[in-house]
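Below is a briefing on one protein model. Please look over the sequence and the structure before reading the points.

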Amino acid sequence: MPMTLPALPYDKAALEPHIDAATMEIHHGKHHNAYVTNANNALAGTKWADADPVAIIKALAELPDDKRGPARNNVGGHVNHSMFWQLMAPAGKGGGGEPGGALGAAINATFGGFAQFKEKFQAAGAGRFGSGWAWLIVNAGKLEIASTANQDNPLMGKAIAGCEGTPILGLDVWEHAYYLKYQNRRPDYMAAWWNVVNWGKVAELYAQAGGK
Ligand code: MN3
């Protein structure tokens, strides 16, 4: 089956005031939708047309030369955004707070505490020049913070993305993710975003990724 735009798991206004409804509507309905359309157009008629999007971005090296760039950008964009919506929830209703359990313990052990983790994660987002993503990944069972350019994803591997591992948390730092409400103030957007992070989902991904 070709790729399809997944529905948002909450109303477009549900993340207010941290992420505004107009941004969510355009980000999901226009930007994400364009990645889906462009990905399907690029891969139509190839054996990759009906493949699992995650499998495609893990296998970019195997794609025909003329499909690799479009797939990197557009299947990457589809995978990244499909995950991003799931990683958020309305503040106080699944969003915000601090991670507990094995994930909370691993964050404390790896980064020295939740506050230190947030600081390092935001630094990765602030340090990404232009467009890209900040990530918390599991690499060989260990937590790492990374960032990628454009729609690259750590699952693409080090040679392409500059880092490798399984992402369990990702923050979109493209201007389209925050410009309507925050204009040039990316740090303010990143600081507000913690109020809507769905730590239950992150913990689930941490367990699936073999975090320990
Ligand atoms: Mn985006």
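The points below cover the metal site, the pocket, the salt bridges and some local backbone features.

This is a predicted model, in which local features need pLDDT of at least 70 and side-chain atom pairs count only at pLDDT 80 or more, while totals for chains, interfaces and linings use all residues. Residues are numbered from 1 along each chain as its sequence is written, and side-chain values use heavy atoms, with hydrogens and water left out.

**Metal site**

- Four residues coordinate the manganese ion at 1.9 to 2.1 Å: His27 through NE2, His81 through NE2, Asp172 through OD and His176 through NE2.
- Donors here are N, O and S atoms within 2.8 Å of the metal (3.2 Å for Na, K and Ca); water is not among the atoms, so sites may look incomplete.
- The spacing of the donor residues in sequence is H-x53-H-x90-D-x3-H.
- Asp172 and His176 are both buried (buried means under 20% relative accessible area, exposed over 50%, partly exposed in between, with a 1.4 Å probe and protein chains only).

**Largest pocket**

- The largest pocket holds about 360 Å³ of space.
- Its lining has 18 residues, and those closest to the centre of the pocket are Val54, Val79, Ser82, Met83 and Leu205.
- A pocket is an open set of points on a 1 Å grid over the protein atoms alone, where a 1.4 Å probe fits, with protein on both sides within 12 Å along at least five of seven lines; lining residues have an atom within 4 Å of a point.
- Grid points are joined across faces, edges and corners, and the volume is the space filled by probe spheres set on the points.
- At least two lining residues come from each of helix 2 (53-58), helix 3 (65-86), strand 3 (166-172) and helix 9 (199-208); helix 3 gives the largest share, five residues.
- Helices (H or I, at least four residues) and strands (E, at least two) are DSSP runs, numbered from the N terminus.
- The lining comprises nine nonpolar, seven polar and two charged residues (Ala, Val, Leu, Ile, Met, Phe, Trp, Tyr, Cys and Pro count as nonpolar, Asp, Glu, Lys and Arg as charged, and the others, Gly among them, as polar).
- Because domain 1 (21-86) and domain 2 (101-208) both give residues to the lining, the largest pocket lies between them; the domain bounds come from an automatic or database domain assignment.

**Salt bridges**

- The whole structure has five salt bridges, each a side-chain nitrogen of Lys or Arg within 4 Å of a carboxyl oxygen of Asp or Glu.
- One of them pairs Lys12 with Glu25, with the closest N and O atoms 3.7 Å apart. This pair links distant parts of the chain, 13 residues apart: Lys12 is in the segment before helix 1 (21-43) and Glu25 is in helix 1.
- Lys12 is partly exposed at 36% relative accessibility, and Glu25 is partly exposed at 45%.
- In the salt bridge between Lys201 and Glu204, the closest N and O atoms are 3.1 Å apart. The two residues are separated by about one helical turn, because they are three residues apart in helix 9.

**Local backbone features**

- Glu16 and Pro17 are joined by a cis peptide bond with omega of about -5 degrees; Pro17 lies in the segment before helix 1.
- Ala140, not a glycine, has a positive phi of about 55 degrees. Ala140 sits in the loop between strand 1 (132-139) and strand 2 (142-149) and is exposed at 70% relative accessibility.
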